[in-house]
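Q: I've got a model open and want a quick walk through it. Can you take my questions as they come?

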Amino acid sequence: MQMKPELLGDALTRLKRAQGQLASVIESIEDGDDCAAVLTQLAAVSRALDRAGFKIVASGMRYCQQAREDGEEPPMTEQELERLFLALA
């Protein structure tokens, strides 16, 4: 299924935020910052990535449902989308 930026705006925003957070984690490690602070930042990056992934899967599900309603063959089956969703969990 092709990624459509207009359907994934929120996920893209989350990914860009995670990118900035990850850069901060790397910088903190390189600077020798406190371990607890680094791990807290890393956990935030992980949550942001999970949320972005869920947004992408949800957008894919909506897209496939709309294709079915329009009488078109969806680009992915429900089983394929379910596998993607479960891979995130």
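Q: Where does Val57 lie?
A: Val57 lies in helix 2. Helices here are DSSP runs of H or I, at least four residues long, and strands are E runs of at least two, numbered from the N terminus. This is a predicted model, where local features need pLDDT of at least 70, side-chain atom pairs count only at pLDDT 80 or more, and totals for chains, interfaces and linings use all residues. Residues are numbered from 1 along each chain as its sequence is written, and side-chain values use heavy atoms, with hydrogens and water left out.

Q: Is Val57 buried or exposed?
A: Val57 counts as buried because its relative accessibility is 7%. Buried means under 20% relative accessible area, exposed means over 50%, and partly exposed is in between (1.4 Å probe, protein chains only).

Q: How far is Leu84 from Ile56?
A: C-alpha to C-alpha, Leu84 and Ile56 are 9.9 Å apart. In sequence they are 28 residues apart.

Q: Step back a bit. What is the secondary structure of the chain?
A: Three helices and zero strands. Along the sequence the pattern reads α-α-α.

Q: How much of the chain is buried?
A: Buried residues are 20% of the 89 residues. Among contacts between residues at least 6 apart in sequence, 61% join residues at least 24 apart.

Q: New topic. How many salt bridges does the structure hold?
A: Two. A salt bridge is a side-chain nitrogen of Lys or Arg within 4 Å of a carboxyl oxygen of Asp or Glu. Side chains of opposite charge can pair when their charged atoms come close.

Q: What does Asp10 form a salt bridge with?
A: One partner is Arg14, with the closest N and O atoms 3.3 Å apart. Asp10 and Arg14 are both in helix 1, four residues apart, about one turn of the helix. Asp10 also meets Lys55 in a salt bridge, at 3.2 Å from N to O. That pair links distant parts of the chain, with Asp10 in helix 1, Lys55 in helix 2 and 45 residues separating them. Shared partners join Asp10, Arg14 and Lys55 into one network.

Q: Which residues make the nonpolar surface patch?
A: Leu22, Ile26, Leu39 and Leu42 make it, with about 330 Å² of surface. Helix 1 and helix 2 are the elements that give two or more residues to the patch. Areas come from the Shrake-Rupley method with a 1.4 Å probe; for residues, only the protein chains shown count as cover. Patch residues have over 30% relative accessible area and no salt bridge; like charges are joined within 9 Å, nonpolar side chains (Val, Leu, Ile, Met, Phe, Trp, Tyr) within 5 Å.

Q: And which residues gather in the negative patch?
A: Glu27, Glu30, Asp31, Asp33 and Asp34. Asp and Glu count as negative, Lys and Arg as positive; His and the chain ends are not counted. Each charge is placed at NZ of Lys, CZ of Arg, CG of Asp or CD of Glu. Asp34 sits in the loop between helix 1 (9–30) and helix 2 (35–69).

How values were computed:
Contact means heavy atoms within 4.5 Å.
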